[in-house]
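Here is a short briefing to read with the model open beside you. Take a look at the fold before going through the notes.

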Amino acid sequence: MSQALKTRIMAANPFNPNYEAVIVETLEKIKQQIAENPILIYMKGSPKLPSCGFSAQASQALMSCGEPFAYVDILQNPDIRAELPAYANWPTFPQLWVEGELVGGCDIVLEMFQQGELQPLIKEAAARAKANKGEEQGSAE
């Protein structure tokens, strides 16, 4: 664990001996979500019922790509809301992650969509995920 993270933990709650474990557990949850979902957006609300304009715009652009994706409502997950900005080195929401890499927030997602760059990125990631899922199912037999 980095010294910066240890300092942040102690500054946040120096009297709670379990606070470090809570942060580590949250970071592991974030890593798992990103690893298990090839297309993932962390947002306020849900794609069908977003709770802020930026999340609404980013999720609409993503839905327009026509591929399934996962989402995490950070308003329902305050631990993730608190820790993801430091983990991602990106201070705002929404955050779009594709194949384990942070793509960016609302402005970047919309710009990529308008320039025709988001659609192929999402379609290729979805195709690779489907192919990998097929390989995993085939190897289990």
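The notes below cover the sheet, its strands and the helices around them.

This is a predicted model, in which local features need pLDDT of at least 70 and side-chain atom pairs count only at pLDDT 80 or more, while totals for chains, interfaces and linings use all residues. Residues are numbered from 1 along each chain as its sequence is written, and side-chain values use heavy atoms, with hydrogens and water left out.

**The sheet**

- Four strands make an open sheet in the order β2-β1-β3-β4, and their pairing is mixed. Helices (H or I, at least four residues) and strands (E, at least two) are DSSP runs, numbered from the N terminus, and two strands pair if DSSP finds at least two bridges between them.
- At the edges sit β2 (70–73) and β4, each of which pairs on one side only.
- On average, neighbouring strands of the sheet are turned by 25 degrees against each other, direction ignored. Axes here are lines fitted to C-alpha atoms, for helices over the stretch in contact, and angles run from 0 to 180 degrees between N-to-C directions.
- Helix α3 packs on this sheet, touching β1 (39–43) and β3, and the direction of α3 makes about 165 degrees with that of β1. Contact means heavy atoms within 4.5 Å.
- Helix α4 (residues 78–88) lies across β1, β2, β3 and β4, and runs at about 60 degrees to β3.

- Five of the five residues of β1 are buried, so the strand is largely enclosed by the rest of the structure. Buried means under 20% relative accessible area, exposed over 50%, and partly exposed in between (1.4 Å probe, protein chains only).
- I39, I41 and M43 cover one side of β1 and L40 and Y42 the other, and all of them are buried.
- β1 and β3 run antiparallel and are joined by four bridges; I39 has V98 as its bridge partner in β3.
- β1 and β2 run parallel, again with four bridges, and Y42 stands opposite V72 in β2.
- From β1 the chain crosses through α3 to β2, a β-α-β crossover that is right-handed. That term applies if, with the strands pointing away from the viewer, the path from the first strand over the helix to the second runs clockwise.

**The β3–β4 hairpin**

- β3 (residues 95–98) and β4 (residues 101–104) pair in the antiparallel sense over three bridges, with W97 opposite L102 in β4.
- Two residues lie between the strands of this hairpin, and E99 in the turn has a positive phi of about 50 degrees.

**Inside α3: S55**

- S55 belongs to helix α3 (residues 53–63) and counts as buried, at 0% relative accessibility.
- Leaving aside residues up to four places away in sequence, S55 touches M43, K44, P50 and P94.

**Helix α5**

- In α5 (residues 106–114), the buried residues are C106, V109, L110 and M112. Down the helix axis, these buried residues fall within an arc of 165 degrees, so they line one face of α5; the arc is that of the directions from the helix axis to the C-beta atoms.
- The face turned away from the buried side of α5 carries the exposed residues D107 and Q114.
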